[in-house]
Amino acid sequence: MMATQDAEKKRQQAEQQIQSALDRIRHRVVVFSGKGGVGKTTVAVNLACAMAKAGRRVGLLDADVTGPNVPQMLGIDEPPRTDGERLHPHERHGVRVVSLASMLPDGAPVIWRGPMRSKALEQLLGETEWGDLDFLIADLPPGTGDEVLTIAQRTSPQAAVVVTTPQEVALLDARRAIGFAVKLEIPIIGLVENMSGLVCPHCGGSIELFGRGGGRREASERRVAFLGTIPIDPATREGGDAGRPIVLADPDGVTSKAFGKIASDLEERIASRDGPGA
């Protein structure tokens, strides 16, 4: 009986911690995809940095527990600071960042079942000293599993960004991700088409390695917002490997402008939903 009461008390305390954190976060955005390998984390990191560049207070939660890559893309290679009870995020390029990867030995696998992964995410969300934020962006694992459901239910996001590539096999999975967001009644659902053509460095023409236009067509058919396209750019990969996102490494480049436009469009849609004076 006592053990049951203690467990219930801990559960209530965890709920209060999460709610207390969310009360100081104005907007929540989840970034996910139906499949891996479409550049979801690259999109999440660059959107966060683009918003921070625009003067927003931004947090980035790396919720891909078994494949956390956010620290690598932001040049974070040390553990976060704690004060005994609260976890203090890293801050890079104006973005407050929390990831399980920075708390584990380099290369250590996370061999946890779904409920344990979900519990870890709840702790990261509730025990982090996020402070006051305009946006919290959660980079979720691919698919529609436990962790995705946990964060989507816990944070009650105003917007979901689904990342896809133009090829049909990726669009099939993007449909599932969109359907997932619809079932959870996320108010704003937007699609981003990544790897949308490679600009030839010699002639300036576009080489459509994975096709083009599939994302826009899919968004239209599913009646969700089409947020924009991002080209294949070797500098994006180089910046991610070096811990310097493309929106900072090449702010005037085509790819950076594409990310900036997507971030601005997303903000406008959220602000429009909030209404005047919100």
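Two strands pair if DSSP finds at least two bridges between them. In this predicted model, strands β1 and β7 meet that condition, pairing in the parallel sense over 6 bridges.

**Figure 1. The open sheet and the order of its strands.** The sheet is open and has 8 strands in the order β5-β6-β2-β7-β1-β8-β9-β12, with mixed pairing. Its edge strands are β5 (90–92) and β12 (225–229), each of which pairs on one side only. Neighbouring strands are turned by 25° against each other on average, direction ignored.

Figure 2. With β1, strand β7 forms 6 bridges in the parallel sense, and V29 stands opposite I137 of β7. With β2, strand β7 pairs in the parallel sense over 5 bridges; here the bridge partner of L61 is A138.

**Figure 3. The pairing of β2 with β6.** Strand β2 (residues 58–62) and strand β6 (residues 95–99) run parallel and are joined by 5 bridges. The residue L61 has V98 as its bridge partner in β6.

**Figure 4. Strand β8 and its covered faces.** Why is strand β8 described as largely enclosed by the rest of the structure? The description applies because 6 of the 6 residues of β8 (residues 159–164) are buried, where buried means under 20% relative accessible area. Both faces are covered: A159, V161 and V163 are buried on one side, and A160, V162 and T164 are buried on the other.

**Figure 5. The neighbours of β8 in the sheet.** Strand β1 (residues 25–32) pairs with β8 in the parallel sense over 4 bridges, and V29 has A159 as its bridge partner in β8. Strand β9 (residues 188–193) also pairs with β8 in the parallel sense, over 6 bridges. In that pairing, A159 stands opposite I188 of β9.

**Figure 6. Helix α6 and the β-α-β unit.** Strand β8, helix α6 (residues 168–183) and strand β9 make a β-α-β unit that is right-handed.

**Figure 7. The packing of helices α4 and α5.** Helix α4 (residues 114–126) and helix α5 (residues 146–155) pack at an angle of about 35°, and their axes lie 9 Å apart. Their crossing is right-handed. From α4, the residues in contact are G114, P115, R117, S118, L121, E122 and L125; from α5, they are D146, E147, T150, I151, R154 and T155. By class, this contact has 4 nonpolar, 4 polar and 5 charged residues.

**Figure 8. Two loop residues with positive phi.** Most residues other than glycine have a negative phi. H93, a residue other than glycine, has a positive phi near 55°. This residue is placed in the loop between β5 and β6 and is partly exposed, with a relative accessible area of 32%. M195 likewise has a positive phi, near 55°, and its place is in the loop between β9 and β10 (198–199). Is M195 buried, exposed or partly exposed? At 21% relative accessibility, M195 counts as partly exposed, because buried means under 20% relative accessible area and exposed means over 50%.

Terms used. Residues are numbered from 1 along each chain as its sequence is written. This is a predicted model: local features need pLDDT of at least 70, side-chain atom pairs count only at pLDDT 80 or more; totals for chains, interfaces and linings use all residues. Side-chain values use heavy atoms; hydrogens and water are left out. Buried means under 20% relative accessible area, exposed over 50%, partly exposed in between (1.4 Å probe, protein chains only). A crossover is right-handed if, with the strands pointing away from the viewer, the path from the first strand over the helix to the second runs clockwise. Axes are lines fitted to C-alpha atoms, for helices over the stretch in contact, and angles run from 0 to 180 degrees between N-to-C directions. A crossing is left-handed if the near helix is turned anticlockwise from the far one by less than a right angle, and right-handed if clockwise. Contact means heavy atoms within 4.5 Å. Ala, Val, Leu, Ile, Met, Phe, Trp, Tyr, Cys and Pro count as nonpolar, Asp, Glu, Lys and Arg as charged, and the others, Gly among them, as polar.
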